[in-house]
Amino acid sequence: MAELDIGKHCQVDSCNLKDFLPFVCDSCSGVYCLEHRSREAHSCPEENVTRETKTAGGSTSYPCSFEDCKGKELLPVLCPQCEKHFCLAHRHQDDHKCEKLEVQKPRMAATKELVQKILESKDGSKSKGRRGAKNAATAAKVALMKLKLHAAGDKGLPQTERTYFQVYLPKEAKECSRPMFFSSKWSVGKVVDYAASLASLKNNNNVLTAKKLRLCHPETGQALQMDDSLLSLLAHPDVPLHNGGNVILEYLDNECTGLEDVSDYIALT
């Protein structure tokens, strides 16, 4: 019966002992017995190389780059911006006064200043006599709640059809304005006739040579087309009317297309 070959001989020349449970060095990968398993015991060649490298390169620690700091770290602590080594106490950009950080700060401040100037220029570009469409829509929503409490109109109109306006009356009228509501399905011509009857205004729109009572836009002063519906004007993409907003009633000559200055009416509020 053949003998089993179990174990290996120690690679130390002066030993050569056969060990049934040999040890493998994790540095040089050599096989050793229990007595010579440590690197020092078998004079590990890799250990010697490492020591020589450490001796030649000096200390393996990483000194802090911050001025007058004597701190060192066993592992590198690199700043991601300036890519220099620092100790734990100076690892943050603010702590070691990172040169890259100093460049970024004024640039960020300049960007904020530029954005602020753009915003201010947009605010200043708004016309004094007119409000932007968004501002007018917001103001109309607030005014709508107030108008619903006092507006006059056809009580038989469904709530879903009612459109409310603060109607500014002609300069010759006794009142400055009155809150009214109309059907969104009505044409501008029907709105003019109904508003004239509510405010007891003279309406000679059927007389060819007489001045015509016209409904005008509160921002542009443009006389609205008589056959346009309120629904289409409320959905106008550029200068819409707003439910809860203003409209102006005025007598205009047949050739006149609108009011010269809407502030003469709106300023009376």
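Modeller: The largest nonpolar core has 29 residues, and those with the most contacts inside it are Val167, Leu169, Phe182, Leu201, Leu215 and Leu249. A nonpolar core is a set of buried Ala, Val, Leu, Ile, Met, Phe, Trp, Tyr and Cys residues joined through side-chain atoms within 4.5 Å; buried means under 20% relative accessible area, exposed over 50%, and partly exposed in between, with a 1.4 Å probe and protein chains only. The model is predicted: local features need pLDDT of at least 70 and side-chain atom pairs count only at pLDDT 80 or more, while totals for chains, interfaces and linings use all residues. Residues are numbered from 1 along each chain as its sequence is written, and side-chain values use heavy atoms, leaving out hydrogens and water.

Helix H4 (188–198) is among the elements that give two or more residues to this core, and H4 gives the most, with 5 residues. Helices (H or I, at least four residues) and strands (E, at least two) are DSSP runs, numbered from the N terminus. The buried residues of H4 are Val188, Gly189, Val191, Val192, Ala195 and Ala196. They lie on the same side of H4 because they cover an arc of only 160° around the axis, the arc being that of the directions from the helix axis to the C-beta atoms. These buried residues of H4 pack against E8, E9, H5 and E10, where contact means heavy atoms within 4.5 Å. Leu215 touches Val188, Val191 and Val192, among others, not counting residues up to four places away in sequence.
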